[in-house]
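Subject: Structure for you to look at

Hello,

Here is the structure I said I would pass on. My notes on what was found in it follow below.

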Amino acid sequence: MHKHSFWRYVGCLHFTLCLAPSYQQFPRLCATREALRTKECCPPWDGDGSACGASSGRGFCQDVQVPDFPDGPQYPFSGLDDRERWPLVFYNRTCQCAGNFMGFNCADCKFGYFGVNCNERRESLRRNIFHLSRAERLRFISYLNLAKHTVSADYVVATGTYREMENGSTPLFANISVYDVFVWMHYYVSRNALLGGPGNVWTDVDFAHWAPAFLPWHRVYLLHWEHEIRKLTGDMSFIIPYWDWRDASGCDVCTDELMGGRSPLSPNLLSPGSVFSSWRVLCSQAEEYNEQGVLCDAREEGPLLRNPGNHNRNIVERLPTSAEVEFALSLPNYDTGAMDRSANMSFRNTMEGFGDPQTGLGNSPRMGMHAALHVFMNGSMSSVQGSANDPIFLLHHAFVDSIYEQWLRRHRPSLSQYPQSNAPVGHNSEYHMVPFLPLHRNREYFISSKDLGYEYSYLLDAGEFPQNGNVLYAASFKPFIWLFPPVSAYSFLFSLHLHLKSSML
C-alpha cells in the first residue's frame, strides 16, 4: 500500500468505526425545538438518568446568572448579537456541576481530575514537539486525523442565528467532525456581529481576541481540545505538544514528518506526502459571510493553505525573538487603558501582538508576538476566523499559553487585576466564555496551569516531578517514560497503523 493512500485509509477506517463524543458548543439534546423554546439545556447523565446527574449529586439544573457590569464602548449595541450575555439568547437554565464534576450534563471531570468519581488528581506535561519520539509524533498526527474524520456524536453547530431559527421554532444546526467543532468555535467567537441584511456588520467586536479574555479563552479552548482527544481515543495520557518559535528563522514544524511541508506543485498548498494535504477547511470566508449577512454553514470550502515566510513584511518583519518575549514578560500590568488593541504597556496586548514588543505601545503599525506567527504562516492560519483550520494553531497556542503561564508565575497577580467591568463586550471577569457549554467565566482561568492539572516541560525546575500517573519526568527533557492506559479500540488501531506504516517506509 502506498504511504499516502495508507493515511487516507486510516482516516476512513477511523471514520466508520464511531461517532465520537465531543464536549463543546450545542449539545444535540439541547438543539431541539423543545429545548430552544424552553431555553433549558440540562441533559440527563447516563449514570443515573437524572438531569445533570442530580440524583447522584453531580450537579443540578439551575438558572444562569449573568452580571450587569458595564462593557466598554467598542460595541455600542445591545440585544443584536446572539453572543451577548452568553448563553441567555439560547438557554437561561443549564447544568451547574458540583465538586470536581464538569460537562454539559456533569458527566465529566474538571481539568486535572480523573476517575469515575473525579477524585484522582493528576498533573500532565506539555512538551516541545521536537522532544517527542518518532512514535509519539506519529501518534499525535494520527489523533489529529482521527478527530478530523470522526463526526461528533454529542454536539452540533449553529448555522443560523436565533432569529433565523424563529426564536427556536426552527432549529438550524449541522453535524460536524470533532476537530471541526473547534474550528467552528473559533470562527463563531471571533466573527463580526450581524446587524441585519447583506453587508450590514460590526467589525470591532470579538469575544476572544483584542481584549483581556484572549489568554484565558484560548487556555480553556486547548484544555477542552485535549479532553476531546482523550475521550475519542481512550488515551488518557494524551497532551498537546508546543512549538517554541522564539528566534526561529522559518517554519521548522512545516515538514512532512510533522505538520506538512510545501507542495512542489504550488507554494500555497501542502505536500502530498503529508496527511494534512487532504484536509478541507471551513468557516474561512469571512468577507463572503459578511456580504451575505449570514453565518458560516460549516460546509467544506477548499484545501488547507499555507505559504510560510512569503507574507507582507510591512506587517510582520520576522518571527518573535527571545528578547521580545522577555520584554512582554517584564510588563507588570495584565491590561491597561481601554483594554483593547490600543492598550499601552499591557502584557496581554503585547503578547497578543498589537502592542509593540520593544516599546509596549499599543496600536502598533506592525504585528508582533502571537499575531506575527499567524501572519507569517500566510494562509488559512492568517485569517482570525478560520485560523484553527491549520493544526499548527494548536502548537502555536500551546506555546503562547506557556508564556502566559510564565507571566502569571512571575507577577502572581490577584484575581482583582482581571477587569470586572468596562472591558470590551464578552471580556469582563464574570462573563461566560462564548460559545462554551459547559459554562466557564473568564476570571476562572486567570490562574496557574498547575491549578488546572498541567505543566510545561521547559518551565520545570531541575529535579521537579509532575504528579501524574501517566508521565514520569527524569532530570532533563529526555527521556520521558509514558505509561499508557488500558488498550482500547483506538489504541489497537494506532498500534496497527504504526506497524503498517513502518513496513512501508
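The protein has 11 helices and 16 strands (DSSP runs numbered from the N terminus, H or I of at least four residues for helices and E of at least two for strands). The model is predicted, so local features need pLDDT of at least 70 and side-chain atom pairs count only at pLDDT 80 or more, while totals for chains, interfaces and linings use all residues. Residues are numbered from 1 along each chain as its sequence is written, and side-chain values use heavy atoms, with hydrogens and water left out.

Of the 505 residues, 58% are buried (under 20% relative accessible area, 1.4 Å probe, protein chains only). Contacts are heavy atoms within 4.5 Å; of those between residues at least 6 apart in sequence, 70% join residues at least 24 apart.

Helix α3 covers residues 134–148. Its 15 residues should span 21 Å at 1.5 Å a residue, and the end C-alpha atoms are 21 Å apart, which agrees (the expected span is 1.5 Å times one less than the number of residues). In α3, 12 of the 15 residues are buried, among them E136, R139 and K148.

Helices α5 (residues 214–233) and α10 (residues 392–411) pack at about 125°, with axes 10 Å apart (axes are lines fitted to C-alpha atoms over the stretch in contact, and angles run from 0 to 180 degrees between N-to-C directions). The contact includes W225 of α5 and Y404 of α10.

Regards

Methods:
Buried means under 20% relative accessible area, exposed over 50%, partly exposed in between (1.4 Å probe, protein chains only).
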